[in-house]
Amino acid sequence: MSIERARSLKNNWQSDNSLQQAIERALDAIGFTDAYVKSSISRAKATSHQKSKQIKDNQWGMMEFDWREMRLIDSPVLQRLRYVKQLGFSYLTYPSAEHSRFSHSLGIGHVVKNFIRAIDKRALEQNPDNSIKYQSLDSIPGLSSADLVHAALLHDIGHLPFSHVTEKVLTSQPQLFSIGGKSATDILLAANLQLGKNLPLSEVLTLIILLSRRFENFYRNFVCADLPNSQVPLLTICCLIAGIPPNQKLTGVSELISGAVDADKVDYVNRDALNCGIPVGVDVARVFLRSGIILASIEQIRSLGFKSAPTTEEYLFVINSSGLDTIDEILQARTALYQRVYFHAVTRTAERIFGRALELNGGLANADRDLTNILKIWSYRDVELLERIGKSRSPVVKKLISRVTTRNLPKKAYSFSPGLGNLQTPIHEILPNTSDASIKRIKKQVKNTIIEEHLREERLWRGDGAILERDIRSEAKKIIEAISSSNDLELIDQFDTIGPDCLIAVGNAHEKQKNHNPIICQNDHLLTVRDYSNAREQQDAFELLKEIGFVLCDEQWRAVIFFAARVVLARMENKIGNIDLEFKIGPEKTIVDTVRQYTRFLPDYTTSILRSGVSGTRIRQVHSALASVGYFDDKCWAAEPFDDSSEAAIQIARRLEKFNGVRGWSVTPKSVAAYLSQFPIDLRDAMADSLLAITVFDADAIVAGIQPILEGLETGADVVAFSATSGYQVHAMLKRELRGQGDLRFPADIAAALAHESDDPIVFVDDNSASGVQARAQLLNLLGVDRADWPIECQDEHDLLSPLSQEQVSLLKTRDVHLIVCAGSPAANKAIKAEMKKNDFDSFKGLRYSIRIDRAFQWKSKLKNYLSEVGQSVIASTLYQRNFSELTPSQKAKCRERALGYGNVGALVATNSSVPTSTVSALWCPGVHRGEPWVPLLLRSSKLSNLVIS
């Protein structure tokens, strides 16, 4: 039973003299002295004065409390809450948000009283024929109305000055703080193990105060002076506050204090909105409408799905289905408050600065020990705590607190959120057939991983924030050094090498939801809210989308810190792993390919500027200075991306708009911009100009190139597609144009051609063969040669035609075989013929073509060098799955031979479905360059598995 657990916890704490002495010192500090308690008890014995009192409230109007409740309200443990702001530092944003936890505590007491009246009224309306058994509170054994009201009034007494923000510091860095000589971790762990609950620090402190010897004496002999000891409900109250059932049957009663629609939430949602001037719509009257407590049978409990094997009937708090709208209203109002008040950037900035000050003090060798004693901190009023920290021996701590008290807060320099960024690889444009589910999965794994593991607010409060701030400062110094070597004298004069005076990282805000599932009564049936509504899921999703974090600094440093934060955040936990892409092939058919993903959090450049509020002019000035000295050359992704609305991007996309590669690979202005953004800034325009000169063999050009060669054959021929992609397209076009001309036949495939008894040659057709790599792989595969015996450069070719049977191979070797393409090269012909001779395929007569494509494009020197560097890197990662620097000398040599296309031809040629290997490798080969993903503008069909999405 939970009562027994609470009793055991009380006995453990009360027997710990060191803890009790620490509690008593803290209680002395707020005026709840031993003398005060003795005087109160004496007065109780000397008078029979037991009078209720009415208190006027701006939220609920007139609230009435009986004499026991007033004795609690007038005690220093509750009066202390007058000096603890309900919303911490929100008053810096909303000046009227000055209301205290005291007014909230009275409010929740009043709300509980309204719930009690509704519960008792509902019990009087009991229908004897109904299977739902409503109960009045007085009829529930082991519980009274007073227990609930006292729990409501006392539930917040453990809150520290500035409430949740102070609690965040103490629990995030528990090694720096103690309670009664023990570490905060030890106290929290012991309490939660004893109670079987994971309680926050404020609730554990509430229990520590309530279960102390002094408070127990006060409560037994003053508040409950007329009750025998056995009837004093202190342990029951502690259970209700902790959200645990006082006994096995009372599992649902604590929902009145802490649940989905509890008194706490009903009061603070309305009170906070009122005092901040936020208009939210909660129909307060309906909150209490026909709610009740029922005695649920074992069968009813089982039907709700809360327990698989309940052992006894239980009392549960239920809401009538007519009040379901109110649940939605409360959740929506709460969400609005989180986004507009609790998660407001100014509030969170002040919280973070205050927290850093308290944290830094705790880590000092000569720290103010009163500020590492949690119970001592608890005894301070808000203003007293600020004053005490402001007297720190550390100038840094003093300066931080001064920023809060004078509202001299740093400004946003960079923003980060799951909703701010897009994938650098515009996968939905490049591969338009990719399923939406695949894209969502990639976005989550690539972006949200960093948010979840590194940038959540709770992670930064646990010490990661100090590390992040240090790293950003370090990168800022590199930026200042880069600016100092630029020609921008105006900028040079504005910065010093020390860096910003104040730099703060505020984590991605996220509210952990408690797993509440209220019970709804509809007629005589019990349902849960999840059975009835998806309100919780909708609110959770909304809150997730609105999350955002910041890096802040003083005004003059914002543009520098924008880039420093962008670089540091993007370098967090970069990993390459596999991920499946699902492609839609038809209305119902899909295919899955495995590619690779690169985990990097890089918010959209323009959106980050807008959300951070940094001057665009200032950003451009700093960007220009950094670009002029090559700061971005090894981190092109951090720079302003190439403009996808530029004339160059649009023209290049238009030139390649008919490209339809593997899995529908397409070229759009966005993909052009993404490709060019991978280049150093000073090479982007040169590469764009080069791409405007690309030679594209479209369908007409291919047919025009192959047709004269076919027509020049001295005999008839069986014309067959040479590849499953471009070959079939060429075959179909030729069949349409040349069918019926001469003795040309167009069988469906090579097997059909061999089945035709003829001495005519077999002619394979395709669009191009620049190096002969794919052609050799295709022929070797048809001949059934083991892949291990292929030339190494051919072994990674895929999507090949199926091998022929031995009988078919024999037939093939009896007929002359030609390979005719639109564009080819002498080198390709030589390589193919040599490989076929080696494999006894003497009937292969060679490669024929109309356009020679082994002549290099005239690349500018610096651009050519960069393309060569990228080329050898991506070839290394595709051939050997290693970085170029890790290869053997012979492997490096092979990569260098293909850096500018196979044979280093350096061509700039493409077809509508593929790219010749003589074209510069950086244009068609994916891989990794300098540890970064390289996504080509075009893609050879065999290279999809090497694609790295970032």
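**Helix H3**

For my notes, buried means under 20% relative accessible area, exposed over 50%, and partly exposed in between, with a 1.4 Å probe and protein chains only. Helices (DSSP H or I runs, at least four residues) and strands (E runs, at least two) are numbered from the N terminus.

Which residues of H3 are buried? I found Val37, Ser40, Ile41 and Ala44. They sit on the same side of H3, because they cover an arc of only 95° around the axis; the arc is that of the directions from the helix axis to the C-beta atoms.

**Ground rules**

This is a predicted model, where local features need pLDDT of at least 70, side-chain atom pairs count only at pLDDT 80 or more, and totals for chains, interfaces and linings use all residues. Residues are numbered from 1 along each chain as its sequence is written, and side-chain values use heavy atoms, with hydrogens and water left out.

I looked up two residues with a positive phi. Serine 163 has a phi of about 50° although it is not a glycine. Its place is the loop between helix H7 (145–154) and helix H8 (164–172), and at 1% relative accessibility it counts as buried.

Glutamine 881, also not a glycine, has a positive phi of about 55°. I found it in the loop between helix H39 (861–879) and helix H40 (889–897). Buried or exposed? Glutamine 881 counts as exposed, at 55% relative accessibility.

Threonine 917 lies in the loop between strand E21 (909–911) and helix H41 (921–924) and, at 3% relative accessibility, counts as buried. Leaving aside neighbours within four places in sequence, I listed its contacts as Ala770, Ser771, Gly901, Tyr902, Trp924 and Arg940.

**A three-stranded sheet**

Here 3 strands form an open antiparallel sheet in the order E8-E12-E9. Strand E8 (411–416) and strand E9 (503–506) are at the edges with a single partner strand each, so one side of each has no neighbour in the sheet. Neighbouring strands are turned by 20° against each other on average, direction ignored.

E8 and strand E12 (residues 549–553) pair over 5 bridges; two strands pair if DSSP finds at least two bridges between them. Which residue in E12 is the bridge partner of lysine 411? It is cysteine 553. Helix H17 (residues 345–363) packs on the sheet, touching E9 and E12, and its direction makes about 115° with that of E9. Axes are lines fitted to C-alpha atoms, for helices over the stretch in contact, and angles run from 0 to 180 degrees between N-to-C directions.

**Whole protein**

I counted 41 helices and 24 strands. Of the 950 residues, 59% count as buried.

Terms used
Contact = heavy atoms within 4.5 Å.
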